[in-house]
Amino acid sequence: MNSSSMIASLGENSRRYEAELRRFQLELSNAHEQELRLQQQIAGVFPQIANFQLAGGARLSDEVQRLLDQRERSESELREQLAVAEAGVAKHLQEMSTVSQEIEALVADVDRQLTVDPAYQQQAAILAEAVERCNEAAASYQELRDECRGKLRAFQTEPLYLYLKGRGFGTDRYVGRSLFRELDRWIARLCNFPQNSAIEQSLLAMQEANEGAQWQRDSHRAVQEAELARLYQQALAGTLLSVLQARLKTEREAVEAGKAQANAVHERLGLFVSKGDEHFAQVAELLSRQLAEMSDAKLEHLAGQTTTSQDDELVQRVRDLRNELDDLRLRVPFLEMKCRDTERDYARAKQLERELQSSGSISGSYSYCAGMNLDSLVAGFMQGALSLSQVANEVGSHRRASRPAPSFWSSGSSSGSSVNSSSRSSSRPSSSSSSSSGSSSSSSSSFSSSRSTGGGGFSTSDSL
């Protein structure tokens, strides 16, 4: 399974929910229009009963018909515009899929060529060795780093030691009168300054050597990564990759433009779905004034004043139309609920599609194991059984680098290097040539005190 097929599958899932949403929206919009037309039919029957004339008469009926026809034309035009925009989006999406497949085929062909390219394979082996060295040294580097930091922290909290250190005691910059010198020597004996100063310098030296060795490993790995990337780009330079990427960008921009156009039309159609269009409001106001004049009881009274059965049949016709109108009004809340539910599902499908692509979970740099059931993951997310992070983690656990590209080796670098990268300067630290050794070398180098019963500690004299 490759990224193109997965992206297509996610897009198809989103479009399926979108189609369902549009279907319910259209059904709801039609229901609103049918509500108005039923009211119009009822109003049209009134003048035929005992020659009863509604307020406004034929002129008002003609205005209602004109507004209804205009509303129908406006909505129909918008739906035609929407169909054109969506067809354009579908066309460009198909072209994007085709170009993506061409890019993947081209890259796969370059990968096959590089598997037998001596220079590239030699460089890949050098990088693999550099990565392995980083991985092997990660634990000992971090252990020694933490130990030095922990032990050096003690030297920053002892006031007597810090006092002498601040005065430069034991160094060429130390100055002081004889009385103060004697007092400082007494304090030095009290805090065991010579021994602790030597320990601190030893820890600092070990820390510097440890950081320097790690910097050297990271720098070497970075150089080898850059060289492998150069060789890879050199292999791609003789292909049509840049042309295909430009085509893909053009198609992607066309898709975004088409979606923006479709969304604008959807927004205008939403007014018809929510009865917010100007035509609905005008027709509803005109009909409400007419229908309010006539109740079923009044209609029956008028019909009873005539000697023919035709008026009785018209009264029954009004009653049937009103029952149909009542049934339709009972169905409208159900359609509104379905619109809300499908709109939520569509938003959820789009969220999944955007997140998996923007987070890099689905990328052309990876291929995906056949054992991963993407359809099952999507269904689980849509049903609420899986969270977005669970789907992303599951997809990530089934992916592997599709080629020995530089990004693959970067992702395999040691965790230790990622930790120290934020705490070390980008410039090379001065250090001895030694590599980071095990933490056991500093196990006895801590702040010393003679009152401590186990190991070295802060040294004092009970006789002073």
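**View A. L183 belongs to helix α5, which spans residues 178-191.** Helices (H or I, at least four residues) and strands (E, at least two) are DSSP runs numbered from the N terminus. The model is predicted: local features need pLDDT of at least 70 and side-chain atom pairs count only at pLDDT 80 or more, whereas totals for chains, interfaces and linings use all residues. Residues are numbered from 1 along each chain as its sequence is written, and side-chain values use heavy atoms, with hydrogens and water left out. Together with L179, F180 and W186, L183 makes a nonpolar surface patch of about 410 Å². Patches consist of residues with over 30% relative accessible area and no salt bridge, like charges being joined within 9 Å and nonpolar side chains (Val, Leu, Ile, Met, Phe, Trp, Tyr) within 5 Å. Areas come from the Shrake-Rupley method with a 1.4 Å probe; for residues, only the protein chains shown count as cover. L183 counts as partly exposed because its relative accessibility is 40%, where buried means under 20% relative accessible area, exposed over 50%, and partly exposed in between (1.4 Å probe, protein chains only).

**View B. The whole chain provides the setting for the close-ups.** The fold comprises 14 helices and three strands. The chain has 464 residues, of which 39% count as buried. Its accessible surface comes to about 25000 Å², and carbon and sulfur atoms account for 52% of that area. Among contacts (heavy atoms within 4.5 Å) with a separation of 6 or more, 85% involve residues 24 or more positions apart.

**View C. R71 and E33 form a salt bridge, with their closest N and O atoms 3.9 Å apart.** This pair joins distant parts of the chain, 38 residues apart: R71 sits in helix α2 (residues 57-114) and E33 in helix α1 (residues 3-45). A salt bridge is a side-chain nitrogen of Lys or Arg within 4 Å of a carboxyl oxygen of Asp or Glu. R71 and E33 are both buried. A network of salt bridges links E33 and R71 with R37, D69, E72 and D277. Across the whole structure, 24 salt bridges are found.

**View D. R167 and D184 meet through their side chains in a salt bridge of 3.0 Å, N to O.** The two partners come from distant parts of the chain, 17 residues apart: R167 is in the loop between α4 (159-166) and α5, and D184 is in helix α5. R167 is partly exposed because its relative accessible area is 27%. D184 is buried, its relative accessible area being 0%.

**View E. R344 and D345 have side chains that meet in a salt bridge of 3.5 Å, N to O.** With a relative accessible area of 17%, D345 is buried.

**View F. A surface patch of negative charge gathers D320, E324, D326 and D327.** Asp and Glu count as negative and Lys and Arg as positive, while His and the chain ends are not counted; each charge is placed at NZ of Lys, CZ of Arg, CG of Asp or CD of Glu. D326 is located in helix α10, residues 310-358. D326 is partly exposed, its relative accessible area being 40%.

View G. Neighbours within four places in sequence set aside, Q351 is in contact with F381 and L388. Q351 and L388 are 37 residues apart in sequence, and their C-alpha atoms are 8.7 Å apart in space. Q351 is partly exposed because its relative accessibility is 36%.

**View H. R399 is placed in strand β2, residues 399-401.** Residues up to four places away in sequence not being counted, R399 touches G360, S361, Y366, S367 and Y368. R399 is partly exposed, its relative accessible area being 30%.

**View I. N192 adopts a positive phi of about 55° although it is not a glycine.** Most residues other than glycine have a negative phi. N192 occupies the loop between α5 and α6 (193-237). N192 counts as buried because its relative accessibility is 13%.
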